[in-house]
Structures are given as C-alpha cells and as structure tokens.
Amino acid sequence: MRVRIYNVEAGRYIADSGKVTCNPHKAFHTKTSALQRLDHLRIVVSGDQGSMVWASCRR
C-alpha cells in the first residue's frame, strides 16, 4: 500500500509514505509541512482492493 498527498494549488505531491506492507494492527503516518491554510489536498491511495484509509490534519 502507498499513500501520497497531492497539493492541488501547487500541482505537486507534498508527502509520500513509500510502499508499505499492510498490517491491520499498525498504522503508518505521512507527515508534511509544505502546505498553507485552505490549501486543497488530495489523498491518493495505491493498494489492493479492500484497503482502508483514515486521514487527519493537525495544526
């Protein structure tokens, strides 16, 4: 599974988790500081069918 965060205003990916083996008992995090308030972000998930994603933003 791979999770990437795309900043629509900047037109580029600002974070990438890399390829990670899915483990239902452990979460992985992707951090970035390359965004501003009110930026539109798109979360792109590449993985097998049935993958589950949960996202949050903390300031």
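Tyr 6 counts as partly exposed, because its relative accessibility is 21% and that label covers whatever falls between buried (under 20% relative accessible area) and exposed (over 50%), with a 1.4 Å probe and protein chains only. This is a predicted model, in which local features need pLDDT of at least 70 and side-chain atom pairs count only at pLDDT 80 or more, while totals for chains, interfaces and linings use all residues. Residues are numbered from 1 along each chain as its sequence is written, and side-chain values use heavy atoms, with hydrogens and water left out.

**Overall layout**

- The protein has zero helices and three strands, where helices (H or I, at least four residues) and strands (E, at least two) are DSSP runs numbered from the N terminus.
- Read from the N terminus on, the order of the elements is β-β-β.
- Of the 59 residues of the protein, 14% count as buried.
- Among contacts (heavy atoms within 4.5 Å) between residues at least 6 apart in sequence, 49% join residues at least 24 apart.

**Confidence**

- The average pLDDT, which is the predictor's confidence in each residue from 0 to 100, is 76 for the protein, and 63% of the residues score at least 70.
- Strand S3 (residues 41-46) has the lowest confidence, with a mean of 84, and S2 has the highest, at 87.

**The aromatic pair and its surroundings**

- A pair of aromatic rings is described by the distance of the centres and the angle of the planes.
- Searching the whole structure gives one aromatic pair, formed by Tyr 6 and Tyr 13 in an edge-to-face arrangement, 5.0 Å centre to centre with 65° between the planes.
- Rings of Phe, Tyr and Trp (its six-membered ring) pair if their centres lie within 6.5 Å; planes under 30 degrees apart count as stacked, over 60 as edge-to-face and the rest as tilted.
- Tyr 13 sits in strand S2 and is partly exposed, because its relative accessible area is 39%.
- Arg 4 lies over the face of Tyr 13, 4.1 Å from the ring centre; a charge sits over a ring if NZ of Lys or CZ of Arg is within 6 Å of the ring centre and within 35 degrees of the ring normal.
- Beyond its neighbours within four places in sequence, Tyr 13 is in contact with Arg 4, Ile 5, Tyr 6 and Val 44.
- Tyr 13 and Val 44 are 31 residues apart in sequence, yet 9.6 Å apart in space, C-alpha to C-alpha.

**The salt bridge**

- Side chains of opposite charge can pair when their charged atoms come close.
- The count is one salt bridge, meaning a side-chain nitrogen of Lys or Arg within 4 Å of a carboxyl oxygen of Asp or Glu.
- Arg 2 and Asp 16 make this salt bridge through their side chains, at 2.5 Å from N to O.
- The pair links distant parts of the chain, with Arg 2 in strand S1 (residues 2-7) and Asp 16 in strand S2 (residues 12-16), 14 residues apart.
- Arg 2 counts as partly exposed because its relative accessibility is 25%, and Asp 16 does so at 38%.

**A loop residue**

- Lys 19 lies in the loop between S2 and S3 and is exposed, with a relative accessible area of 73%.
- Lys 19 and Gly 47 are 28 residues apart in sequence and 9.2 Å apart in space, C-alpha to C-alpha.
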